[in-house]
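Biologist: I'd like to learn how to read a structure like this one. Could you walk me through a few features?

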Amino acid sequence: KKGEWPQGFGKPGDKGKGMMSGAKGDFKGKGVSEKGFGFDKGFGKGKGKGIDIVVSGCRHETVGSIIRGEYVKFSSNHGRPAYRKIDKSAGQEVQIYYWDARDGPNMNGWWFGASVGGDMVWSFSPGDAPVPPRTGWKVPFEGQVDPSLNVNVSSPVSPMAAPPQAVEVGSDTHITVQGCGHPVVGSIVNGSFIRNGENHGKPTYKKTEQTKDGVDVLIYFWNDTANPTFCGWWFGPEVGAEQVWAFNSSRLATAPLSGWKVPYDGPVDPGFHIAVDRKASANEKRLKAEAEAKQHKEVDRAMGQIRQVLGKLKRATAENLEQLEEELKAVMEKELAACGPHQSKLKEDCEKAVEQAKTRLVQLKEAQAKAEPLMKELASKIVTAEAAIATLQKKVEKGSLEKAEVAIKACSQFIIDEGQVLSVGEGHVENMKRVQDCKKALRKAYGQQRHQEILARMATYDANKDGFLDKKDLKKYALSEFKFTLPDPVADKIIKHLTAPGAKGVAKDDFQRIKVQIGIARDRQIDLQRKKRMDELKDQLQDRIEKEVKTGVDEITTLNASIEEKWQKLKEPDVKSADKIAMLDKIDPEVAQVREKISSQQQIMKQIKESTEITLKDWIQSQLSEFYSKLKKVDTSSQKIGREASRLRDTAGKQHEKELQALQKRGLEIIRQYQKAKDLLNDAVFEAMSASNGKERVVNETSFLNFFAKCGKECSNGEAVDIPSEEELRCLLCSWDSEGHLDEDRVQEILRRCMKVVNKTTLTDGVSSKSSVVRKLEVNEVLMLQSVPCKDSEIDVLRVKVQALNDGAEGWVTMSGNQGTEYLKEGGNIFKVKKETLLTEDLDITAGAKEKASQLKDTDRRLLIGELVEVKSPMQEQSGMKRFRCTALKDGASGWATVVNSQGTVYLEVK
């Protein structure tokens, strides 16, 4: 089927459509093309003919821009001509073609699409007209008829000839003979036949049932070189028999489908026809393939059993070699016959494996004999090393350490030099373990030696040689080892903390704790000095920010506020076009001045940041962030005014569109103002705006007008609310929905705002920041706002109710901290396709998977890498996948898309 969206896609491998007629092309190069080519060719830039079709009109903005233009004929499909647009639309191929009823009557008609039989289609006209109809086209193809769309054919075009019909049976093995009108021959030859052999190099076919007299019926080819008159295809009871029933003089490679003479020397029977039973032929091929697969599986099993024993032979020892030979002999007797064509090769491999195992064991025995004297020599060296280690364990001295190290190195070097021979010797593994134990003992002895050296060094600071370090000793140690003068209070604290009850000072054995305490004291003093210096630098930078940054930003903000005030007057609905141009002449230079000042101020701020020490980079960034935000806001405002001013200057004819945009913004501001005044969530706004319509609630014209009237009366800030007139409100409602009815999903979409987490924070279950934590929010998570921001009076921050996009969790979150930390940032509603995926109509893509395994659903659309989509709903988990509703910005197609699959593969990522 075709997709139901303006651009629809099918599953990969769908070959049911798009094939041009004729293996060699039935278009012979007349008209547009001067030369005819083969399949999918036959067009060119010939001079034979001009334009064949001109398409005009079409109210649909997207589809109209694609299909409007001039077309020429280039090929045919299903017995009708096919046309191609001369100029591509943004690189997109556009064709007009006919599709018959082979896929159902609903698909029969003329189509606008990217390719013949393709899944990307834009418009459809049902019927079987010989040429594209002038009117009656549905846009998009599943929508209503667009009366403005006209397809003007320059001249009547005759349908192209249908592809040639088959004349012989071909490779199929099952055929059916039918339609023979002869009263005697018909009862004999009519029926089912199966290919059963060959004669004279061509196949023979035998009827599945004998005649009532018990006679076989064959179809065969006879090549009589002596009498060519008898060359051809025959019906008879046996090959070359004298008795025959029908004859065809054709010399085709397989039985001809028609042209049979009945009886053999009579006229051609026009009703006599051979038909191919493709279902039976395919079934026979399937059964044959299954039998072959079963045979291959049995061969693989038998070979696996034999090769399993061969694997054991490769690891055979002298003790089990004879047993493995018997096991191999038994498995060969049992399984060799089932190995088919591999029997001789397997038998040869088994003989080689046994011979190689015997040879390997002989070589191993010889190698072990050669290794025996070396093993004795290594054992002697290990005994020497173990004796040296035993001496070390009694007392660690420099000489005994050196002696042990020499002995162990001798063992290691001997293993390196003779390792290949030693590896096959008996007891090699045990010898290696003994050497490793000696190395561990040596490392432990070296550690003990270092400990003794440290104790000896600490003893040099013990002035009275009593085995303890007092306050004076500690200060001397700190100055000598750390180049740090230890303050008396800190020294007293260390003495008090580390001295045991009744001791004269800190024991030398606590040298590591002494080292740590002095290091901590030194680092604390360094930190205090650094903090003092940082405070001085911050004061200097703060003065510079006040003089160079704040003054300039305030000047820019004031100038921009003046521009915005003038711009607001310019946007008033009663301003004439001439007055707009005059006002733009004053605004444009001021906008340019603001942009220049912003650039200059940003350069000043950049220089301040670059000249600041790296340790204060984060601090200076936090001090400047407020001014960056103000400049960004002013820059955004000035850019917006500049762009809109340029558009207004170019054409005043778009005034209606701009007024409509202003009206929508104005209406949304009133709604948000009412929402803030009443402290309402988005769903509560829908309840206030809608009216009951049977079982459901919808926003109709009456409830819409009543809601805005209520906004004018019930806003709590005491200011007058400028409510649009009823006429303007009706226009606003129609701009949001052409039929003038808004359901809850549409209202939620209008009110929805997305923000992105820029710093880690938490989601709580209440408006107070002290309420219970729902879960943590990670950086780059996308949140959908469900309310307007409100103030948490306890800690003076703005908080807002949100719903997390990735799991639908709801709660309250702080937008920015009272210390200037920003947690949320506008954005996150646009995602980019990272890996190709599908845009489907349903959330559940596993339902009916068996029925949809070979083709896409007709509403599915493929999202290509790099495409952008806009989020329309929270993520939902289905079968381990995370999916959400979205709209493709490229063509407006909507549906469900996979963000992350069950294996963790990311398909969409926030832009």
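Predicted model: local features only at pLDDT ≥ 70, side-chain atom pairs only at ≥ 80, totals over all residues.

Biologist: How do I describe two rings together?

Modeller: A pair of aromatic rings is described by the distance of the centres and the angle of the planes. Here, phenylalanine 230 and tryptophan 234 make a stacked pair, with 6.2 Å from centre to centre and 25 degrees between the planes.

Biologist: Which kind of pair do phenylalanine 831 and phenylalanine 884 form?

Modeller: That one is edge-to-face: the planes are 80 degrees apart and the centres 5.3 Å. Phenylalanine 831 sits in strand S27 (residues 830-833) and phenylalanine 884 in strand S32 (residues 881-888), so this pair ties together parts 53 residues apart in sequence. Phenylalanine 831 is buried at 4% relative accessibility, and phenylalanine 884 is buried at 0%.

Biologist: How many aromatic pairs does the structure hold?

Modeller: There are 19 aromatic pairs. Ring pairs also join up into a cluster made of Tyr674, Phe704, Phe707, Phe708 and Trp736.

Biologist: Which residue lies over the face of tyrosine 98?

Modeller: Arginine 80 does, at 4.5 Å from the ring centre. In another case, lysine 202 lies over the face of phenylalanine 221, at 4.0 Å from the ring centre.

Biologist: Now for sheets. What holds the strands together?

Modeller: Strands of a sheet pair through backbone hydrogen bonds, either parallel or antiparallel. In this model, seven strands form an open sheet with antiparallel pairing, and the order is S13-S12-S11-S10-S9-S8-S14.

Biologist: Which strands are at the edges?

Modeller: Strand S13 (246-248) and strand S14 (273-276), each of which pairs on one side only. On average, neighbouring strands of this sheet are turned by 30 degrees against each other, direction ignored.

Biologist: Can we zoom in on one pairing?

Modeller: Take strand S8 (residues 174-178) and strand S9 (residues 191-199), which pair in the antiparallel sense over four bridges. Follow isoleucine 175 across to S9, and the residue standing opposite is phenylalanine 193.

Definitions and conventions. Residues numbered from 1 in each chain as written. Heavy atoms only, no water. Pairing = 2+ DSSP bridges. Helix = DSSP H or I, 4+ residues; strand = E, 2+ residues; numbered from the N terminus. Axes fitted to C-alpha atoms, helices over the stretch in contact; angles between N-to-C directions. Phe/Tyr/Trp six-rings, centres within 6.5 Å; stacked < 30°, edge-to-face > 60°. Buried < 20%, exposed > 50% of the residue type's maximum accessible area, 1.4 Å probe, protein only. Lys NZ or Arg CZ within 6 Å of the ring centre and 35° of its normal.
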